[in-house]
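Colleague: I'm new to reading protein models. Could you walk me through this one, a feature at a time?

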Amino acid sequence: MRFKTPDLLDNNEARIQAGSIRIVAPMFRHYGGRSAFSGQIVTLKLFEDNSLVREVLAEQGRDKVLVIDGGGSMRCALVGDQLAILAHRNAWEGIVVYGCIRDSEDISRIDIGLRALDTHPLKSIKKGVGDRDLAVSFGGVTFRPGEWIYVDGDGVVVSEQPLS
């Protein structure tokens with residue numbers, strides 16, 4: 001599906017006013033080989049531990065986007081090149097990380113959509129701590145599992161229903 005977030009918003013003004021479409025504050029940098037991506041949201045909430053990220057990305061991801069609430073930590077990376085490769089192999093549309101990634105140059109050559117706050121060379125701890133499939137909030141928006149996310153060069157839009 002080809003889309004532009006400004007067009008999606010222009011075509012759905014009433015839904016924006018009703019609150020069923022939300023726009024994330026501009027905070028993310030573009031990584032990954034895919035500049036635009038969309039899909040149904042799968043969520044993780046964790047802090048400086050990416051064990052669950054690997055577990056989720058090992059699942060089939062067609063038409064899905066993983067949204068990771070990493071607490072905005074700037075002390076380690078939650079996604080690196082190996083996880084981006086795993087996501088690509090399992091057909092994930094993209095990943096949004098409220099935190100950092102690493103291996104950014106390698107990730108730029110992988111056909112996966114990826115947005116994150118920044119990069120950090122240190123890998124995360126691995127204790128298996130975190131939660132999956134719950135509402136997470138950052139950037140002025142709450143992301144709920146099963147809702148839809150649209151990401152391109154102009155921003156990040158979340159909707160209760162698919163948009164056209």
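This is a predicted model: local features need pLDDT of at least 70, side-chain atom pairs count only at pLDDT 80 or more; totals for chains, interfaces and linings use all residues.

Colleague: Which residues does the UniProt annotation "binding site" cover?

Modeller: An annotation comes from a record, and here the UniProt entry, which is unreviewed, lists G80, D81, Q82, L83 and R102. They are spread over 23 residues of sequence, yet they cluster in space, with a largest C-alpha distance of 10.3 Å.

Colleague: Is L83 buried or exposed?

Modeller: L83 has 3%, so it is buried. You will find L83 in helix 4, residues 81-89. Leaving aside residues up to four places away in sequence, L83 touches N50, V53, R54, L57 and L78.

Colleague: And where is R102?

Modeller: R102 sits in the loop between strand 6 (94-101) and helix 5 (104-107). With a relative accessible area of 27%, R102 is partly exposed. Its contacts beyond four places in sequence include G80 and D81, two residues that also belong to the annotated site.

Colleague: How should I read a helix, and which residues of helix 4 are buried?

Modeller: An α-helix has 3.6 residues a turn, so residues three or four places apart point the same way. In helix 4, the buried residues are D81, L83, A84, L86 and A87. These pack against helix 3 (51-57), strand 5 (77-79), strand 6 and helix 5. Just after helix 4, look for A91, which takes a positive phi of about 65°.

Colleague: How many residues has the largest nonpolar core?

Modeller: A core joins buried nonpolar residues through their side chains. The largest one here has 25 residues, and V53, L57, L66, I68, V79, I95 and V97 have the most contacts inside it. Among the elements giving two or more residues to this core are helix 3, helix 4 and strand 4 (64-69). A second, separate core has 16 residues, including V65, V67, V136 and V141.

Colleague: How many aromatic pairs does the structure hold?

Modeller: For rings, look at the distance between centres and the angle between planes. There are four aromatic pairs. By contrast, F138 and F143 are stacked, at 4.5 Å and 25°. F138 and F143 also belong to one aromatic cluster with F28 and Y98.

Colleague: How many salt bridges are found in the whole structure?

Modeller: Look for a Lys or Arg nitrogen within 4 Å of an Asp or Glu carboxyl oxygen. The search finds 12 salt bridges. In one of them, E93 pairs with R34, their closest N and O atoms being 3.1 Å apart. E93 and R34 lie 59 residues apart, so to speak in distant parts of the chain, and both are buried.

Colleague: What about D69 and K45?

Modeller: D69 and K45 form a salt bridge too, with closest N and O atoms 3.2 Å apart. D69 lies in strand 4 and K45 in strand 3, so the pair ties together parts that are 24 residues apart in sequence. D69 counts as buried because its relative accessibility is 3%, whereas K45, at 38%, counts as partly exposed. Finally, R22, R144 and E147 are linked in a network of salt bridges.

Terms used:
Residues are numbered from 1 along each chain as its sequence is written. Side-chain values use heavy atoms; hydrogens and water are left out. UniProt positions are given in the numbering used here, feature names are shortened, and annotations may be inferred rather than shown by experiment. Helices (H or I, at least four residues) and strands (E, at least two) are DSSP runs, numbered from the N terminus. Buried means under 20% relative accessible area, exposed over 50%, partly exposed in between (1.4 Å probe, protein chains only). Contact means heavy atoms within 4.5 Å. Rings of Phe, Tyr and Trp (its six-membered ring) pair if their centres lie within 6.5 Å; planes under 30 degrees apart count as stacked, over 60 as edge-to-face and the rest as tilted. A nonpolar core is a set of buried Ala, Val, Leu, Ile, Met, Phe, Trp, Tyr and Cys residues joined through side-chain atoms within 4.5 Å. A salt bridge is a side-chain nitrogen of Lys or Arg within 4 Å of a carboxyl oxygen of Asp or Glu.
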